[in-house]
Amino acid sequence: MAAALTRRAAAVAAVLATVTSLLAPGAVAQLSPSFYSGSCSSLESIVRSGMVSAVQQEPRMGASILRLFFHDCFVNGCDGSVLLDDSSTLTGEKNAGPNANSLRGFEVIDAIKSRVDAACPGTVSCADILAVAARDGVNLLGGPSWGVPLGRRDARTTTQAAANSNLPSPSSSAATLISAFASKGLDSRDMVALSGAHTIGAARCASFRSRVYNDSNINAGFATRRRQVCPAQGGVGDGNLAPLDAFSSVRFDNGYFRNLLSRFGLLHSDQELFNGGPVDSIAQQYAGNGGAFSADFITAMIKMGNISPLTGSNGEIRNNCRKPN
Ligand code: HEM
C-alpha cells in the first residue's frame, strides 16, 4: 500500500514536472516532424509539388530557396522574418546589404503558401513552409532528404539592422566564420558542412570580384576565366553571375569541397575552409567522402532549423508571408 502510494506520488510529480517545463518561460520548445500530421497532412506533398515545378522551370531555384532558409534562421531565428516586405511601419531584411539584389524565390514561397492555405487555412507558418521547401530544393537537385522538424511560428516584425549584423560576409576569414556560426550554436563541423550548400547556385560579380583580382590562393586559370565575366572596376557588371561550383552548380554533391582542394573556391570565404587553417581536415574529409558530407549536412540543417524558433503562443501564423497579420 505504502509502495503504491509512493509510486502514485512519483507519477503525479512527473506529470507536474512536465507541465511546469512546458509552461516555464524560456523553456526550449521542441519541434517535431509530425507537428502537422493531424492538422495538415497534405503539407509535405503540397510543398513538394510546388518545388518540383519551380525547380523544373529553373533548377537554380532549389539553391535560392535553400539560401532563403539560411538567411531566415541566422536573423532572429527561423521565424519567416526574411519573407517580410518593407512597409511604412517596418524596414525589414530584404534590403539589408547581404540580401539586396541577391535573395530570390519569394514568389515560389508565396505560391506554395496559398496552396497550403487552401488545403489547411491558417494552420502552417511561413517559417515551416520555407524549412520544408529548402529540404526539397536540396533533394530535387540530387541531394539527400530528411524529416524536417516543424512547429515554428512567424515573427510579427524584424529589422534591417539584424540582417546586417548577423549574416556572414564573403570576405570573412575562417576564424570569423567559426565564431559567427558558434554564436548560433553551430560548431566548426556544422559550419563546414553547411557551407557545402555552395555546391549549388550562383554568386554575383560584386561578391567574388575581390577574390578573383586580389587573392593569391586561387587557381590561376580559374581566376582568369572569372575575371572575364567580372570587370575589375566596382559598379561595372556587379550583377554578372558565376556558378558557386564551377563544375556542377545544379547538382547537390560534394564537388564544392573537391573544388576547394584545387583552389577553385569562388568566394574568399569558401577558400578559407581549405587554406592551411583550422577546418582544412574537415573540408578534405568531405571532398573524399560524399556520404560523410551528406550525413553531416543533414545534422547541421536540423540544428540550424532549431535556432530560436517561435513556438506555442509566440508569434503568429501569417496569412501572407510578406506581411504581419
Ligand atoms: C559560411 C558563410 C557563408 C557566406 C559568407 C555566404 C555567402 C554567400 C554569398 C556572397 C552568396 C552569393 C550572393 C550573391 O552574389 O548574390 C551566396 C550564395 C548562396 N549561398 Fe551562401 N554563404 C554562407 C553560407 C551559406 C549557408 C550556410 C547556406 C545554406 C545552408 C548557403 C547557401 C547559399 C546558396 C544555395 C547560394 C546560391 C543562391 C542562388 O543561387 O540564388 N550559404 N552565399
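Visitor: Which residues of the largest nonpolar core touch the most other members?
Guide: Keep in mind that this is a predicted model. Ile109, Ile129, Leu130, Ala131, Ala133 and Ala283 touch the most other members of this core, which has 69 residues. Helix α5 (residues 126–140) supplies the largest share, ten residues. The core also draws at least three residues from each of domain 1 (43–167) and domain 2 (174–304).

Visitor: What does Ala133 touch, beyond residues up to four places away in sequence?
Guide: Its partners there are Val47, Met51, Ile65, Ile109 and Ile112. In general, nonpolar side chains in soluble globular proteins tend to be buried together.

Visitor: Which residues does the second, separate core include?
Guide: Val212, Leu244, Leu266 and Leu267 are among its nine residues.

Visitor: How many residues of each domain are in contact with the other?
Guide: Contact means C-beta atoms within 7 Å. By that test, 19 residues of domain 1 meet 16 residues of domain 2. On the domain 1 side, helix α3 (residues 60–73) gives the most, with eight residues. That side divides into eleven nonpolar, six polar and two charged residues. As for the domain centres, taken over C-alpha atoms, 22 Å separate them.

Visitor: Where does UniProt place the feature "binding site"?
Guide: The unreviewed UniProt entry puts it at Thr199, Asp245 and Asp253.

Visitor: Why can we say that they gather at one spot?
Guide: They span 55 residues in sequence, but no two of their C-alpha atoms are more than 9.8 Å apart, so they come together at one spot. The contacts of Thr199 include both Asp245 and Asp253.

Visitor: Is Thr199 buried or exposed, and what makes it so?
Guide: The label "buried" needs 20 or more other C-beta atoms within 10 Å. Thr199 has 30, so it is buried. Its place is in the loop between α8 (188–195) and β1 (202–204).

Visitor: And Asp245, buried or exposed?
Guide: Asp245 has 27 other C-beta atoms within 10 Å, and the cut-off is 20 or more, so this residue is buried as well. Asp245 sits in the loop between β2 (241–243) and α11 (255–261). Leaving out residues up to four places away in sequence, Asp245 touches His198, Thr199, Ile200, Gly255, Tyr256 and Asn259.

Methods. Residues numbered from 1 in each chain as written. Predicted model: local features only at pLDDT ≥ 70, side-chain atom pairs only at ≥ 80, totals over all residues. Domains from an automatic or database assignment. Contact = placed C-beta atoms within 7 Å. Helix = DSSP H or I, 4+ residues; strand = E, 2+ residues; numbered from the N terminus. Nonpolar A, V, L, I, M, F, W, Y, C, P; charged D, E, K, R; others polar. Core = buried A, V, L, I, M, F, W, Y, C linked by C-beta atoms within 7 Å. Buried ≥ 20, exposed ≤ 12 C-beta atoms within 10 Å, placed from the backbone. UniProt positions renumbered as here; feature names shortened; annotations may be inferred.
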